[in-house]
Structure formats: structure tokens, C-alpha cells
Amino acid sequence: MTIARPIDVRCARDRVIDLLQIGETTPIRDVNVQEAQLTVDVGAPCEIDIDPAQAGVRYELFDGDAAVAPACSVDGTGETAVLKGPIIDKEDKTFRIHARKLDPLTRATFLLQTATVKVGLATGLPVSTPELAQVPRCVDYGSRVVVSISDSQAGATYGLIDGAGRPIPMTPPERVSGNKDGAITLTASRVTEDTVIRVDVQRTFDASEGRETLNAVLTTELPIAVRANRDLVVSAVGSPVLPQGSATITIAASQPSVLYSAHVRALSTVDFVPGAGPTQRAIAVPGTSCEVYTPRPPALWQAPAGSVQHGDAMPGNGGVLELGVGPLEDDSIVVVQARKIHAEAGAPLESAVQLEQAVVVLVRPESVPALELALSASADGTRGTLLVSGGQPGVFYHFYPSNEASELGLPAYFHRLDERDPSLNKGIAATEPEGSDQVPRRGLRVEMDLVITRDPPAPAALDPARVRPLDPLVDIAPLPVGDAVDVMAIKARTGIGWLVKRSVAITSVTDGGSSSELGSAPEPPATEP
């Protein structure tokens, strides 16, 4: 705009009129007030150019119809004058310039142009996580995180970024606008790894103003520690029904930031008893009719009672991770601990959780049982009894003539005590268990499957419920021919057995009270799954 020369001429004219006192003049109203609008940082003062500022005229800053406080003014000299304004807080300001002739003439008016000051971006705003008051902040995998800004700027928009400047998805996804009231919240929709949450702020202007978009990042940093993902698929390699020995547990989609370890506990009879309540869950074993009932995992890791860690902790690889467990000699439940060391939590911190999915591994009976068979024939030689020793507790042993399908009498069962729930141990038992604070009271407890030994143990004063039962006797007919029988072993509580029968030699034969030892027949190799 080229009006400086005409304004100079008019200013000279007005000075002549004032000196000759032939009239009163008012300040020229159409002088230039900063050609480009100003943008200032929050908390900084503004400066307004007046060009030219008439000599003998005082220019004062007004906010609306009132002078700003403290007063801001400058006296013109005929050159460009800089009018220093007040500190700008958070909001844009449009100032009016009041021009007043100095004494003796006091004519006054407002300049035609106003001064619009655009405020920049405040980066020192208070930022917090109201739902995570405790520091260091630790949340579950996939949690939302609410971030509060208590003194936002009107005209600015806010979003969430991580420490590397990458956007963090929000709910709702749109950026949040600041307001005059100040308080706003932003919600990170789902955090999955340790991160540092920061807030970025933007301000855009109307295209007619010709200003570039302002961008800044608030000073406050919010480190967030995220626990391991609980919902991973855990399974046993091959089958949940395995022969005795080591097993391999796989974890799908393992996290590289997590250390995984397998914890194994032998199952007891009570684990198979139905009745899962709200704090329990039923784990179905694929390919079988078995269900195991076990407590749901706690919010934070607590080693299950009776469990033992198998092997070292292994870091995740982003894919399928294999953990070796074993040796497994009995039916077991395997739970996986997922532990993280949080380096960016703002303080030393570790967290551990139990993966939601547990694995039940059912173990077949001992592959090569140390069975000893003693055959005693009746006087007429048509019937007999088979004394079975060395069997595995909790297992039924069925006997067959070699290569025949008909069974020789009833199966032999080796009694198994339940260490976790003594109430399930049927038979003669003391009212109070040993080791309790009360004096044991001896007595009979008759259950549906009362067990009484054939002969009293020695010495007779021992409680028959607290000593190992005698080996089972099996009545058989007809008597087996030869020196071996076929045996099928099946676990009582799971129904899991060998896949094929095994041949076991009769090591002792009693005939009419005389005993003769037979050599053990070689056992054919057994095929395991």
C-alpha cells in the first residue's frame, strides 16, 4: 500500500493549521497499523507498528472501549513508531489504537485499522493421566489410556503421539479442539507395548491470512508400561495325550519384549471333579472326554500352589515359541508366566502375568511297567489267582490270554492317594489328618468304595488307611497257558491307556504250595503315539 507520501503531506498541513491556530485538527485515522498480523508466543508481549506515527500525537492501546492495563502508549515523531503491547496469554486479541493530540489541543479518535494479534502454541500445559495416578504407570495389554489437559487453548487441536513422534490411535479418532474452559481429554484407544505418550498441538489459520500451520509438542512426557498379552494360543506339540517323558509347549504370536516360562503341576483327582464356579474354569482336553477344573488366573502373576518351573525363561520371537517341559511322569497342567522388564516406565519396573490359556497334558501309564505276576492254581487246576505287584498307582491292569480278546477275570487296580484333597481318599481314615493342631481322633469313615486290606499290616497297631495297600489278587479262569499274559493298562480317572497290549512274563508260579520261578519272556517293543 503506497499512501506514505499523501499522509506526510496531510500531516504537514495539519501542523500549519495547528500553529496558525486557524482551526483544530484530529489525528489522521488511516495511517498503517502493521501490514501483516502478528503471531506471538504464549506469555510473550506483542509489538504493533504504526507507520507513520504523527508528531504530536499519542497512540494508546485499547481492548474494546477500554484502555489496556497497564497502559501501553507511544508518542509519534513522524516516523514509524512501535507500540509495545501487553503479554498475550492463550487467546487471540484484536486491539484498537486510540490516537490523541497532545496539549494544548486534545482532539482524539480511533485509527481505522485494528491490530489483530494471533497467539502461538502453549507447550507447558498441565498434562496427566487421571485414571493412572500411581507412577510408574502400568496397564494391561490392550488397555485404553485417558490423557487430560487442564488448560487447553481455544483455536488449537490436540492429538497423541509416542516418543518417536508416531501417531497413537485415539477414541474417537478425531483430534480434540481446545476451548475457553480449558479442560479436555484424549483417549489412547489401545496400548500394546511400553510407550511414552506425548501430546502434539496444531493451529491452522484461514487461507486468506497467508499463515503457515503451527505445530508443537507439549513438554510433559507420560511413560506407560504395558503388561504382556495374556490371550495367546498355548498348545502341546503332537497331542495333549503323550507318553511319559518330555513334552513341548508352543506359544503362538509370542512377543519379543516378553520372557516366557512354563510352570507345571501334577493333577490330582479333585482337579477332575465337575463343578466349576464363577472363579473356576473348565479346560477340555481335545480328543478325550476329560475336563480339568482349575481357578482362573489372577490379575497379576502368582505361582500356582504345587507348581514347579520347567526350564529357563525364553524371550518371545514374534512368532511361535517352543518351551520344553519335563520329564512328565503324571497327568499335568502347564501354565505359562509372561514377564516383562519395563525400561521406559520412568522407574525400574517388572511385571508378570499368567497366560489365560493353560494346557493339560495327559500322560499314558508307564510304558514298561515293572509288573511282577505270581500265579497260584486251584487244586483242580481249572482256576487260580494272579498276584500283581509293581503296578502304577491309579491304573487298572487288564489281563488276557496271549493273542486273545477274552479277559482273564477282573482288572487289577493299584490304589492312589490324593495328596491335595484327603477327603477323596476312601477307606478307613482318621477324623483329623496327621500334622493338624488337634489330637488325631481314630475312627471309621465308611464311603461308597470302602477299602479294607486283605490282611492286617504289621504291626497291627498301624492304621490301615495310612499304609500302602497290599498288592491286588485277581481271580482268573481259565488259567493262562504258557509263561506270559497280555496286559492292557488304563488310567482310572482319565480312561487313557496304552495303544497296544504288552506281553508280561509270569515270574512266579505256585502249585499246591510249592513255588517255581520262570524266566522272564522277552517283551516285544511297544508302539507309542
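Trainee: Starting with K84: buried or exposed?
Mentor: K84 is exposed, with 53% relative accessible area. The classes are buried under 20%, exposed over 50% and partly exposed in between, using a 1.4 Å probe and protein chains only.

Trainee: What am I looking at, and how far do the local features go?
Mentor: This is a predicted model, in which local features need pLDDT of at least 70 and side-chain atom pairs count only at pLDDT 80 or more, while totals for chains, interfaces and linings use all residues. Residues are numbered from 1 along each chain as its sequence is written, and side-chain values use heavy atoms, with hydrogens and water left out.

Trainee: Back to K84. Which side chain does it meet in a salt bridge?
Mentor: E47, with N to O at 2.9 Å. A salt bridge here needs a side-chain nitrogen of Lys or Arg within 4 Å of a carboxyl oxygen of Asp or Glu. E47 is in strand β3 (residues 45–51) and K84 in strand β7 (residues 81–87), 37 residues apart, and the pair links distant parts of the chain. Strands are DSSP E runs of at least two residues, helices are H or I runs of at least four, and both are numbered from the N terminus.

Trainee: And how accessible is E47?
Mentor: E47 counts as partly exposed, at 42% relative accessibility.

Trainee: How many salt bridges does the structure hold?
Mentor: It holds 21. One of them is between D63 and K93, whose closest N and O atoms are 3.6 Å apart. That pair also links distant parts of the chain, from strand β4 to strand β8, 30 residues apart. D63 is partly exposed at 38%, and K93 is partly exposed at 31%.

Trainee: Which strands does β4 pair with?
Mentor: With β8 (residues 93–101), antiparallel over six bridges; with β6 (residues 73–75), antiparallel over three bridges; and with β5 (residues 66–67), antiparallel over two bridges. Pairing requires that DSSP finds at least two bridges between the strands.

Trainee: Can you give me some residue partners?
Mentor: V57 stands opposite K101 in β8. Y59 has V74 in β6 as its bridge partner, and D63 has A66 in β5.

Trainee: What is in the turn between β4 and β5?
Mentor: The two strands form a hairpin with two residues between them, and G64 in that turn has a positive phi of about 75 degrees.

Trainee: Switching to aromatics. What is the pairing rule, and how many pairs come out?
Mentor: Rings of Phe, Tyr and Trp (its six-membered ring) pair if their centres lie within 6.5 Å; planes under 30 degrees apart are stacked, over 60 edge-to-face, the rest tilted. By this rule the count is three aromatic pairs. In one, F62 and F110 have ring centres 5.3 Å apart and planes at 85 degrees, so the pair is edge-to-face. F62 is in strand β4 (residues 57–63) and F110 in strand β9 (residues 108–110), 48 residues apart. F62 and F110 are buried.

Trainee: How are the rings of F396 and Y413 arranged?
Mentor: Their centres are 4.6 Å apart and the planes are at 35 degrees, so that pair is tilted. F396 is in strand β33 (residues 395–400) and Y413 in strand β34 (residues 412–413), so the pair ties together parts 17 residues apart in sequence. F396 is partly exposed at 30%, as is Y413 at 31%.

Trainee: Which charges lie over ring faces?
Mentor: Among them, R96 lies over F110, 3.8 Å from the ring centre, and K501 lies over Y400, at 3.8 Å from the ring centre. The criterion is NZ of Lys or CZ of Arg within 6 Å of the ring centre and within 35 degrees of the ring normal.

Trainee: What about R416 and D330?
Mentor: They form a salt bridge, with the closest N and O atoms 2.4 Å apart. R416 is in the loop between β34 and β35 (473–476), and D330 is in the loop between β27 (321–328) and β28 (332–342), 86 residues apart. R416 is partly exposed at 25%, whereas D330 is buried at 16%. Salt bridges with shared partners join D330, D331, R416, K491 and R493 into one network.

Trainee: And the overall numbers?
Mentor: The protein has one helix and 38 strands, and 40% of its 529 residues count as buried. Of the contacts (heavy atoms within 4.5 Å) with a separation of 6 or more, 65% are between residues 24 or more positions apart.
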